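Me: I'd like to learn how to read a protein model. Can you walk me through this one?

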Amino acid sequence: MVVNINPFNLGGKTVLVTGASSGIGRSTAITCAHLGARVICVARDKDRLEHTLSELPEENGPHGAVSVELTDYDGLQALVEELPSIDGAVLCAGRGLTLPVQFCDRQHFDEIFNINFFATAELVRLLYKKKKINKEGSVVILASMGGTHVFSGGNSIYGASKAALDSFMKFCAKEFAARRIRVNSICPAMVDTPLIHRGTVSEEQLAEDAKRYPLKRYGLPQDIANAAVYLLSDASSWVTGTSMIVDGGLSIS
């Protein structure tokens, strides 16, 4: 039996990362590149995207950066058409919203679902339909504990969009297995990214909330990037249709 002594290595793989200009996406892009992958970074903000690109080690390149609004269907189609064949995708693009149910009108639902769910679902569909994902490839979708396991007040729209993503992932895993393409999701609890520092909750409240976690802290983008690497790598070659909980022990507290 041949044993791969480092199945987590991403050498020789091309990986697409959306939401790569900040937070989890940025950390994932940098980590994948340092583990040997050629990375194609996608996000809206061109300047921040270029900053991410500058952090990627050149020896595994050439890496790429594409500035595109994923909710723009024409732009999304153009992105997929121009992509080379990829071995993996980590889909992190999204945004949050904190709003009580009584104020959640259709406009708010459309605003969040368009980026959190529809853009990601359409990207996955096009990547598969256009046969851009190589056999033995891996798709990793960023869902959330919010909406799948945790139901805190004010997060109904965000949580519903992430729950929809998590469900969609399982259908994709079932269908894409015919081409030996794996599809999984990561469901983080609270991660310390710019998304949680929007001013909706004070820094003092965030610090107090972190005490609820058995490990006494929120996650870091690197924690989620490491989970994404596992799901992209050959180490998880028999894992598909799984919602990976990465939550600092919140679900057992």
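Me: Let me start with one side chain: is R212 buried, partly exposed or exposed?

Reply: Look at relative accessible area: under 20% is buried, over 50% is exposed, and partly exposed is in between (1.4 Å probe, protein chains only). R212 has 47%, so it counts as partly exposed. Before we go on, this is a predicted model, where local features need pLDDT of at least 70, side-chain atom pairs count only at pLDDT 80 or more, and totals for chains, interfaces and linings use all residues. Residues are numbered from 1 along each chain as its sequence is written, and side-chain values use heavy atoms, with hydrogens and water left out.

Me: Which residue does R212 meet in a salt bridge?

Reply: A salt bridge is a side-chain nitrogen of Lys or Arg within 4 Å of a carboxyl oxygen of Asp or Glu. Here R212 meets D209, at 2.5 Å from N to O. D209 is partly exposed too, at 21%.

Me: How many salt bridges are there in the whole structure?

Reply: A search finds eleven. One of them joins R95 and E111, at 2.7 Å from N to O. That pair links distant parts of the chain, with R95 in the loop between β4 and α4, and E111 in helix α4, 16 residues apart. R95 is partly exposed at 36%, and E111 is partly exposed at 32%.

Me: Where do D110 and R106 lie?

Reply: Both are in helix α4, four residues apart, about one turn of the helix. R106 is exposed at 62%, while D110 is partly exposed at 30%.

Me: What is the strand order in the sheet?

Reply: Helices (H or I, at least four residues) and strands (E, at least two) are DSSP runs, numbered from the N terminus. Two strands pair if DSSP finds at least two bridges between them. This open sheet has seven strands in the order β3-β2-β1-β4-β5-β6-β7, with parallel pairing. β3 (64-67) and β7 (243-246) stand at the edges with a single partner strand each, so one side of each has no neighbour in the sheet.

Me: Which strands does helix α4 touch?

Reply: Contact means heavy atoms within 4.5 Å. Helix α4 (residues 106-129) packs on the sheet, touching β1, β4 and β5 (133-142). For directions, axes are lines fitted to C-alpha atoms, for helices over the stretch in contact, and angles run from 0 to 180 degrees between N-to-C directions. Helix α4 makes about 175° with β5.
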